[in-house]
Amino acid sequence: MLHLFKLFSQDIIKFWAVLIWGLFSIIYIIENGAVLNAELIEKYQYYFIIGASIILIERTIYFLKYHRFILLPYSLSLYNRVADEQKESKIFLDKFKKYDKKTNTYYFKNRLAIDKKMYLDSKDKIIHLLGYEDKNEVEFEIKAHNKKEIAIRLFKLPKKFNWHIELLKDKHLYLGHSKNGAYFLPLTDLTSSICCGESGAGKSNFLNMLIFSLVHNFNYIDKLDFIDLKGVELSRYKLNNTTFTDKLEQVDKLLEELKNEMNKRFSEMKEKGDLIYSGKYRICLIDEIGTISTHYDKKLKENIFNNLIEIGQKGRASKVLLLVFSQKIDSTNIPTNVLTNLQGSFLLRTSSQFNINNSIGLQEEIEEITRTRVADFPKGRLIYKDGLTSEKILLQTPYLSQEIQNSMIKYFRSWINK
Ligand SMILES: Nc1ncnc2c1ncn2[C@@H]1O[C@H](COP(=O)(O)OP(=O)(O)OP(=O)(O)O)[C@@H](O)[C@H]1O
């Protein structure tokens, strides 16, 4: 409290000093450079009193409103230290700078340099200090801002909400809700991607949601090929432009065909001098790639994985893309060479540090965008790492009930299969 009062006094003195200096300058001009005397001061005293009172009221309201944030660097010892020639260290305490109401973002500054790691490590304490202790739905993003600032953004992501048809958009894929609302990825920015998460994390739900967006954009997609060796879920679609494969030999044939298509497109591009194929997309979705790895036919597997590597490496320019789903992404489930050639990633709940490290990356980067551990993610919560920019976005996907899924498939059939 004493610290708050000290900061308040310093702040008021600073503002009053500016006011006095400003008023004196104006008086000096008005009075044509007359020397300041008691008579003049008496004449203008009410301006000083009114100005000082307004400042006092405004600053008091500001300090009352933001006292938690103003005190935060002090309460959590968020400071930087510099040692001078006499080896005496000088402390620079971080300072609350401003609040942006539109984005619910709080900015902190340090004159020397700001230490983001300290904020990341104090996340739970910050939440506690700000009075959000029991509201675990409050999410938290900590980003470096300018050179010496930190931006703390507080936002809410719903844990469960229902799918609705307005989430379909032309030339875009809906990936879930982010801190800014519905997140749509332009189809042109889609890259070959891996999606991983443990059983029950909401992978199938997400996969179907993605398929809705892809099917909705059929004008730009030549064919959607579904591969699933362990289930029949994807066989339900039965649309004119979808295929379903559940035998390894057929998978091999399909990928061979996709590779040939890709190379044909490259020849066409070379001829025309295009850098990006001008025609429609071919997108292949593989559910639970681990089932391919467990197959006994070594040669077939090798051929399949080699084709996946080649498509992953070169597919984007020719608009031949792979979307691969897996519970685990260690080398027994998906060969490292296949994984490293899938540029984008979606990470759902998992307790495997290997899954986290090899899909999204450093723990610190995850801590920047969420205060929930990946192992504690609710169903449908995911981090999307953009295949082009590597930007990481925290998303929540809506729940797709069986009835919704059935009615969407029916709806798509009604206009695609007619
Ligand atoms: N976005 C979501 N919001 C709310 N509940 C969800 C969401 N996604 C999935 N669920 C619930 O979680 C259950 C499991 O989801 P889903 O089948 O998609 O998980 P999964 O990761 O594919 O699991 P598995 O690998 O075992 O198939 C679903 O029955 C559903 O009730």
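Me: How close do the axes of helix α6 and helix α8 come, and at what angle do they cross?
Reply: This is a predicted model, and in it the axes of α6 (residues 248-272) and α8 (residues 298-318) come within 9 Å and cross at roughly 30°.

Me: Are α6 and α8 roughly parallel or roughly antiparallel?
Reply: Roughly parallel: angles under 35 degrees count that way, and α6 and α8 are therefore placed in that class.

Me: And is the crossing of α6 and α8 left-handed or right-handed?
Reply: α6 and α8 cross in the left-handed sense. The residues of their contact are twelve nonpolar, five polar and seven charged.

Me: Where does UniProt place the "coiled-coil region"?
Reply: The unreviewed UniProt entry puts that feature at residues 241-268. In the model, the chain over residues 241-268 is 75% helix and 14% strand.

Me: Which residues does UniProt list for "domain: FtsK"?
Reply: Residues 179-357, again from an unreviewed entry. Over that range the model has 41% helix and 22% strand, with the end C-alpha atoms 23 Å apart.

Me: OK, new topic: the sheet. In what order do the four strands of the open sheet come?
Reply: The order is β3-β4-β6-β5, with antiparallel pairing. At the edges sit β3 (95-100) and β5 (138-145), each of which pairs on one side only. On average, neighbouring strands of this sheet are turned by 20° against each other, ignoring direction.

Me: How many bridges join β5 and β6?
Reply: Eight, in the antiparallel sense, with β6 covering residues 149-156. If you want a pair to click on, F140 has L154 in β6 as its bridge partner.

Me: And how many bridges are there between β3 and β4?
Reply: Five, also in the antiparallel sense. There, D100 stands opposite T105 in β4. The hairpin of β3 and β4 has four residues between the strands, and N104 takes a positive phi near 55°.

Me: Back to helices. How do α1 and α2 cross?
Reply: The axes of α1 (residues 2-30) and α2 come within 9 Å and cross at roughly 150°. That makes α1 roughly antiparallel to α2, since angles over 145 degrees count that way. α1 passes α2 in a right-handed crossing.

Me: What classes of residue make up the contact of α1 with α2?
Reply: You'll find 22 nonpolar, four polar and two charged residues there.

Me: Last pair: how close do α5 and α12 come?
Reply: The axes of α5 (residues 203-216) and α12 (residues 402-416) come within 11 Å, crossing at roughly 15°. α5 and α12 are therefore roughly parallel to each other, and their crossing is left-handed.

Me: Which residues meet there, between α5 and α12?
Reply: From α5 come N208, F212, V215 and H216. They meet Q405, M408, F412, W415 and I416 of α12. By class, the contact of α5 with α12 has six nonpolar, three polar and no charged residues.

Me: Great, thanks! I'll go and click through those.

Technical notes: Residues numbered from 1 in each chain as written. Predicted model: local features only at pLDDT ≥ 70, side-chain atom pairs only at ≥ 80, totals over all residues. Heavy atoms only, no water. UniProt positions renumbered as here; feature names shortened; annotations may be inferred. Helix = DSSP H or I, 4+ residues; strand = E, 2+ residues; numbered from the N terminus. Pairing = 2+ DSSP bridges. Axes fitted to C-alpha atoms, helices over the stretch in contact; angles between N-to-C directions. Parallel < 35°, antiparallel > 145°, perpendicular 65-115°, else oblique. Left-handed = near helix turned anticlockwise from the far one by under 90°. Contact = heavy atoms within 4.5 Å. Nonpolar A, V, L, I, M, F, W, Y, C, P; charged D, E, K, R; others polar.
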